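Please look at the sequence and the 3D structure below before reading on.

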Amino acid sequence: RTTRTTSSRFWALRTCSRGALDASGAIAVAGESSNTSPPNTDLVVWRFTDAGALDTSFDGDGVALYSGGYSDRGSEVALDGDGRVLVVGSSDSATSNSFVVLRYTATGVLDTSFSGDGVASYTTADGAMGWCIGMDSRQRIVAAGGSGMPSSANDLAVIRLLDDGSF
């Protein structure tokens, strides 16, 4: 379990900043949490009840953190047909920037039936970042972002994932 810090902030990229609302009225949003030791950012998912309180049934305190690289960010959240939380964003290390899709169970734990560890990653030679996520009519995950980061010549990247996290 990752230690939480007090310097969390909501972070959104471009227009992909909406959360996901479930049938009970709970809302999930994603962003990043800054850490001072070591200095980096973690991808964070907050889930709130319909009354606006952190939902303690989600990872024990309503907050789930993912630390896969030096700098991890969540850009958008969606729910699949089984109530699992999908997050798209990026995970940056010293050598690469990856477009990531994470799937959490309804209880806020990374779903290991998805890509083996709950995280599907797409990396190009110039890096990539995920911005938007949703489900298609066949309940496959569709995510969009950019490749070619951090150069100024970015290309659109669209991926579709199967239920097991494979491309």
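What is the strand order of the open sheet of three strands, and is its pairing parallel or antiparallel? The order is β10-β11-β12, and the pairing is antiparallel. The model is a predicted one, and what follows is read from it. Strands β10 (128-135) and β12 each have a single partner strand and stand at the edges, so one side of each is left without a neighbour in the sheet. On average, neighbouring strands here are turned by 25° against each other, direction ignored. In general, strands of a sheet pair through backbone hydrogen bonds, in either a parallel or an antiparallel manner. Between β10 and strand β11 (residues 141-147) the antiparallel pairing runs over seven bridges.

Now take the chain as a whole. Its secondary structure consists of 12 strands and zero helices. The protein chain has 167 residues, of which 48% count as buried. Its accessible surface comes to about 7,900 Å², and carbon and sulfur atoms hold 53% of that area. Among contacts with a separation of 6 or more, 43% are between residues 24 or more positions apart.

How far can the coordinates be trusted? The average pLDDT of the protein chain is 85, and 85% of the residues score at least 70. Over residues 1-16, however, pLDDT stays under 50. Where pLDDT is low, the predicted coordinates should not be read in detail. The model has 41 contacts beyond four places in sequence for residues 1-16.

The aromatic side chains come next. A pair of aromatic rings is described by the distance of the centres and the angle of the planes. With ring centres required to lie within 6.5 Å, the count comes to three aromatic pairs. In one of them, F58 and Y104, the ring centres are 6.2 Å apart and the planes stand at 55°, so the pair is tilted. This pair links distant parts of the chain, 46 residues apart: F58 is in the loop between β4 (39-48) and β5 (63-66), and Y104 is in strand β8 (residues 97-104). Both F58 and Y104 are buried.

Y122 and F167 form another tilted pair, with 6.3 Å from centre to centre and 55° between the planes. F167, at 54%, counts as exposed. Together with F99, Y122 and F167 form one aromatic cluster.

Strand β9 also holds A120. This residue has a relative accessible area of 3% and is therefore buried. Which residues does A120 contact, leaving aside its neighbours within four places in sequence? They are F99, V100, V101, F114, S115, L161 and G165. F99 in that list is also a member of the aromatic cluster with Y122 and F167. L161 is 41 residues from A120 along the chain, and the C-alpha atoms of A120 and L161 are separated by 8.6 Å.

Definitions and conventions
Residues numbered from 1 in each chain as written. Predicted model: local features only at pLDDT ≥ 70, side-chain atom pairs only at ≥ 80, totals over all residues. Heavy atoms only, no water. Phe/Tyr/Trp six-rings, centres within 6.5 Å; stacked < 30°, edge-to-face > 60°. Helix = DSSP H or I, 4+ residues; strand = E, 2+ residues; numbered from the N terminus. Buried < 20%, exposed > 50% of the residue type's maximum accessible area, 1.4 Å probe, protein only. Pairing = 2+ DSSP bridges. Axes fitted to C-alpha atoms, helices over the stretch in contact; angles between N-to-C directions. pLDDT = per-residue confidence, 0-100. Contact = heavy atoms within 4.5 Å. Areas by Shrake-Rupley, 256 points an atom, 1.4 Å probe, with all protein chains shown as cover.
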